[in-house]
Every structure is written in structure tokens, then in C-alpha cells.
Number of protein chains: 2
Amino acid sequence: MKKEFRSGCPISSTLDIVGDKWSLLIIRDMLLKHKKTFKDISDSDERIAPSILSARLKLLESYHLISKTKIPENKKENIYLLTQKGIRLTPIIIELSLWGDANMREFTKIDDIEGLNSDKATIIQSVQDSYNAMLLNFQ
Amino acid sequence: MKKEFRSGCPISSTLDIVGDKWSLLIIRDMLLKHKKTFKDISDSDERIAPSILSARLKLLESYHLISKTKIPENKKENIYLLTQKGIRLTPIIIELSLWGDANMREFTKIDDIEGLNSDKATIIQSVQDSYNAMLLNFQ
DNA sequence: ACTTTTGCTTTCAATTCGATAGCAAAAATA
DNA sequence: TATTTTTGCTATCGAATTGAAAGCAAAAGT
């Protein structure tokens with residue numbers, strides 16, 4: 001696992017972790033769709049290859065953005081959950097969504113997402129609250 | 001130039017344009033440091049290779065995030081400027097910066113950036129205002 | 001007992017990246 | 001005017017990364 005950073009710039013360092021083709025889509029699925037297992041995340045519209053998903057989950061775990069556990073009822077399935085550090089990526093995810101919604105329609109069909117017309121701070125808060133509420137089920 | 005999008009998700013589509021290793025760093029330099037020429041942007045701390053910078057500028061121009069012009073005083077230099085669509089990426093850049101500043105110090109040395117302790121909306125507005133003011137010099 | 005599901009790993013070809021060199025036109029300098 | 005430097009790239013080519021497909025062992029379901 002490479003842990004090198006291009007510079008001391010916070011933007012650059014953030015991108016060195018989540019600035020690849022897949023990480024933020026994995027986090028989107030966990031955060032907005034409450035996906036928790038390898039299978040759940042594999043089944044996205046964008047079809048991530050298992051080798052890449054496996055590598056990305058390990059990297060995100062190594063940077064404490066997600067945690068990996070099991071539940072007693074199921075010895076096979078791993079449960080991946082966002083940590084608070086991962087949950088704090090919510091504003092980035094929401095801004096990417098808002099920008100795409102407002103600026104990409106001239107180049108490709110963009111799905112209509114409901115709830116994007118509220119105030120930014122409200123959207124972010126409700127996404128985070130909802131994820132945190134779900135987390136309570138996993139002690 | 002490939003123009004394929006993985007899905008209709010606005011997050012995914014945004015990442016299909018700026019979700020590579022370099023685009024958002026190029027935009028950071030243009031937006032925050034008011035860099036305008038190939039040379040200016042080449043001289044960043046992260047050392048982007050000219051072949052990659054060339055390819056990325058073309059792609060960003062094709063998606064109308066930047067424009068390419070010349071000034072009458074200099075027949076050689078190209079001037080790259082952010083369009084309003086590009087300037088609207090400011091919230092994403094600021095959120096990446098804030099997240100890195102607050103969450104990456106456990107893994108790497110992060111430069112202290114001044115002005116990050118103001119209110120988010122204020123930071124975003126002042127970055128955009130400053131860039132727009134600079135743009136007035138280029139008709 | 002068997003079939004299916006899950007969470008991966010392995011393989012390997014294709015694509016992308018990126019360091020270096022090179023180059024023509026323009027600008028700066030002598 | 002002649003020469004040097006700068007600028008904005010492009011070309012090359014080895015290295016790294018990606019990704020489609022297959023494989024597999026353990027657990028779960030039937």
C-alpha cells in the first residue's frame with residue numbers, strides 16, 4: 001500500500017486518498033444508500049470490478065475512513081461502515097452532486113435527485129443524521 | 001477524446017470529468033493562485049508532466065470549464081481562464097481543502113492555509129469574487 | 001448432501017501515466 | 001541583427017494501474 005503524498009497542500013492530500021476513479025462512488029453508496037457489504041457495493045450502476053473494490057476498501061480502511069466488522073448472526077459477511085472521519089466527507093459528496101446536477105446536463109443525461117433543492121447545510125445535516133441513526137444499530 | 005459517462009448519477013458524472021489525479025489541482029491553481037499560462041501551472045509543487053497538463057487542459061476546455069485565449073501583447077503565450085462553470089467548482093475545492101485540513105494531519109504534514117477559519121459561504125464568495133475581479137482585465 | 005452466495009484473489013491483457021527528450025515559434029537579450 | 005532563452009507544446013517508451021474474467025474456499029440456504 002503506497003502512502004505517498006504529492007505535497008503538503010490539503011487539497012492535494014485529500015485527493016491522494018479519495019481522488020481516484022472509484023473511492024468517492026463507494027463512499028456515496030455507503031453514505032446515501034446505506035450500503036454495507038461487498039455485494040451491496042458491487043451492485044452499483046457503475047459496475048466496479050471486485051479486484052478494485054477489494055483494494056479500495058483496504059485503502060479506505062487504512063486511512064480510517066471506513067471500518068470493517070462482522071455481525072454475530074452472519075459469520076461470512078463483512079460489514080463496512082463509515083467512520084466519523086468518513087461521514088465528514090458528506091459536504092464534498094453533496095457539492096459534487098449539486099455541481100453535476102447544475103452543470104453537466106449539456107453533455108449527458110443526469111438523473112433527477114430529490115431533495116437537492118433544499119439549503120446546502122440542511123441537506124448535509126440530514127444525510128449525516130440519517131447515517132448516524134443507522135449506525136446505532138451496530139452498537 | 002473519450003466522452004463516456006459511467007451512469008446518470010450527478011456525482012459519478014462530475015467525477016468522470018474532474019475525478020482524475022490532476023484536474024482539480026489544475027483548477028485549484030487557476031482559482032486560488034490565479035495561474036493563467038501553461039508555464040505557471042507547470043510550476044506547481046506537485047510537478048505535473050507536460051504531456052498530462054496538455055491533455056487535461058484540452059479536456060477541461062472541451063467541457064467548457066476553461067477557455068483558451070491570447071492577449072495582443074504576446075503572440076506566443078496562451079492564457080487559460082476559468083469559465084463561470086469552472087468558477088462554480090469553488091465549493092468543491094474549498095470542501096476538499098477544509099476536509100484535508102481537519103482530517104489528514106494524522107497521516108501527513110499539512111500546510112497551514114490562512115483564511116480557512118472563516119465561515120464556509122464567506123470563503124467561497126471571496127474566492128469567486130477575487131477570480132471574477134481578475135477576469136475583468138481580460139475583457 | 002447439494003447448491004448457491006459471499007468475499008474475496010489471481011491472472012493477464014489493455015489502457016493510462018509520467019519522466020525525459022525534443023522542437024518550432026516567439027520573445028528577450030546582446 | 002544574431003544569438004539565446006522561453007514557451008507551449010508533442011513524441012517516445014517503460015512503468016504502473018486498471019479491469020474483465022475466472023477461480024476458490026468458507027458459509028449459508030435448501
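This is a tour of a predicted model, moving from the two chains to their contact and then to single residues and pairs.

**Both chains**

Start with chain A and chain B in two colours. Chain A can be superposed on chain B with an RMSD of 0.0 Å, using a turn of 180 degrees and a shift of 0.0 Å along the axis.

**The contact between the chains**

Next select the residues of each chain that touch the other: 48 residues from chain A and 48 residues from chain B. Together the chains bury about 4300 Å², with 69% of that area on carbon and sulfur atoms. Now show R6(A), I11(A) and W99(A), which supply 17% of the area that chain A buries against chain B, more than any other three residues.

For the polar side of the contact, there are 20 residue pairs in polar contact between chain A and chain B, both residues being at pLDDT 80 or more. On chain A, select helix 1 (10-18), helix 2 (23-33) and helix 6 (90-103); each supplies at least two residues of the side that touches chain B. Helix 6 of chain A gives the most to that side, with ten residues.

The count of salt bridges between chain A and chain B is two. To see a salt bridge across the contact, display the side chains of K85(A) and E106(B), which meet at 2.5 Å, N to O.

**T14(B)**

Go to helix 1 of chain B (residues 10-18) and pick T14(B). T14(B) has a relative accessible area of 0% and is buried. Its side chain reaches across to the backbone oxygen of L96(A) at 3.1 Å. Leaving out residues up to four places away in sequence, T14(B) touches L96(A), W99(A), G100(A), M104(A) and G19(B).

**The nonpolar core**

The largest nonpolar core has 86 residues. Select I27, L65 and Y131 in both chain A and chain B, as these residues touch the most other members. Then centre on Y131(B): with residues up to four places away in sequence left out, Y131(B) touches M30(B), L31(B), H34(B), Y80(B), L81(B), L82(B) and I87(B).

**Salt bridges within the chains**

Over all chains the structure holds 22 salt bridges. In chain A, show R28(A) and E46(A), whose side chains meet in one of 2.8 Å, N to O. R28(A) is in helix 2, while E46(A) is in the loop between helix 3 (38-42) and helix 4 (50-62), 18 residues apart. R28(A) is buried at a relative accessible area of 3%, and E46(A) is buried at 7%.

Move to chain B and select D16(B) and R6(B), which form a salt bridge at 2.7 Å, N to O. D16(B) belongs to helix 1 of chain B and R6(B) to the segment before helix 1, so this pair ties together parts ten residues apart in sequence. D16(B) is partly exposed, with a relative accessible area of 23%, whereas R6(B) counts as buried at 18% relative accessibility.

Still in chain B, R28(B) forms a salt bridge with D29(B), the closest N and O atoms being 3.0 Å apart. Both R28(B) and D29(B) are buried. To finish, return to chain A and select R28(A), D29(A), K33(A), K35(A) and E46(A), which are joined into one network by salt bridges that share partners.

Conventions:
Residues numbered from 1 in each chain as written. Chains lettered and ligands numbered in written order. Predicted model: local features only at pLDDT ≥ 70, side-chain atom pairs only at ≥ 80, totals over all residues. Heavy atoms only, no water. Least-squares fit on C-alpha atoms with pLDDT ≥ 70 in both. Core = buried A, V, L, I, M, F, W, Y, C linked by side-chain atoms within 4.5 Å. Buried < 20%, exposed > 50% of the residue type's maximum accessible area, 1.4 Å probe, protein only. Contact = heavy atoms within 4.5 Å. Buried area = accessible area lost by both parts, 1.4 Å probe. Salt bridge = Lys/Arg side-chain N within 4 Å of Asp/Glu carboxyl O. Polar contact = N/O pair within 3.5 Å; in protein donor to acceptor, adjacent residues only side chain to side chain. Helix = DSSP H or I, 4+ residues; strand = E, 2+ residues; numbered from the N terminus.
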